[in-house]
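Here are a few friendly notes to read alongside the model. Keep the structure open and look up each residue as you go.

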Amino acid sequence: MVSYTQNELLSITDFTKSISKILGNLKEHSLEKVGVLKNNKLEAVVISTQEYERLKEIEELMNNIEHKEIYEIVQSRINTSKSDYVSLDDMAKKFNIDTSSL
């Protein structure tokens with residue numbers, strides 16, 4: 001869970017009154033993030049565009065890594081000899097599954 005300092009949490013009213021100053025602080029990196037509270041509940045987090053773009057790049061990188069891993073698994077299975085395959089019935093027996101109930 002993300003933690004916030006006292007100056008990083010603002011009511012929606014205070015946020016609205018100070019939005020220009022807050023955006024300047026985010027841009028200058030004197031604030032990393034601002035949590036906006038509505039009825040004392042965290043409703044939104046405001047970050048700089050630079051931080052948002054960095055997070056999106058990380059997300060894309062993670063997706064690419066996951067896709068690469070899936071691709072490598074598929075490729076290794078393509079090269080698996082059919083004699084190494086395990087039938088559905090054998091797998092069901094191994095895990096005590098009644099295939100007629102599927």
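1. Lys 68 is exposed, with a relative accessible area of 51%; here buried means under 20%, exposed over 50%, and partly exposed in between (1.4 Å probe, protein chains only). Its partner in a salt bridge is Glu 72, with the closest N and O atoms 3.1 Å apart. A salt bridge is a side-chain nitrogen of Lys or Arg within 4 Å of a carboxyl oxygen of Asp or Glu. Glu 72 is partly exposed at 41%. Lys 68 and Glu 72 sit 4 residues apart in helix α3, so about one helical turn separates them.

2. A word on the source: this is a predicted model, in which local features need pLDDT of at least 70 and side-chain atom pairs count only at pLDDT 80 or more, while totals for chains, interfaces and linings use all residues. Residues are numbered from 1 along each chain as its sequence is written, and side-chain values use heavy atoms, leaving out hydrogens and water.

3. How many salt bridges does a search of the whole structure find? The search finds 5. Among them, Glu 51 and Arg 54 meet at 2.8 Å, N to O. Glu 51 is buried at 19% relative accessible area, whereas Arg 54 is partly exposed at 42%. Glu 59 and Lys 56 also meet in a salt bridge, at 2.8 Å, and both lie in helix α3, 3 residues apart. Helices (H or I, at least four residues) and strands (E, at least two) are DSSP runs, numbered from the N terminus.

4. Now find Lys 33, in the loop between α2 and β2. Is Lys 33 buried or exposed? Lys 33 counts as buried, at 10% relative accessibility. Its side chain makes a polar contact with the side chain of Glu 8 at 3.1 Å, and reaches the backbone oxygen of Ser 3 at 3.4 Å. A polar contact is a pair of N or O atoms within 3.5 Å; within protein, one must be able to donate a hydrogen and the other to accept it, and residues adjacent in sequence count only if both atoms are side-chain atoms. Glu 8, Glu 32 and Lys 33 are linked in a network of salt bridges.

5. Finally, look at the largest nonpolar core, whose 8 residues include Leu 10, Phe 15, Ile 22 and Val 34. Such a core is a set of buried Ala, Val, Leu, Ile, Met, Phe, Trp, Tyr and Cys residues joined through side-chain atoms within 4.5 Å. Two or more residues each come from α2 (19-27) and β2 (34-38).
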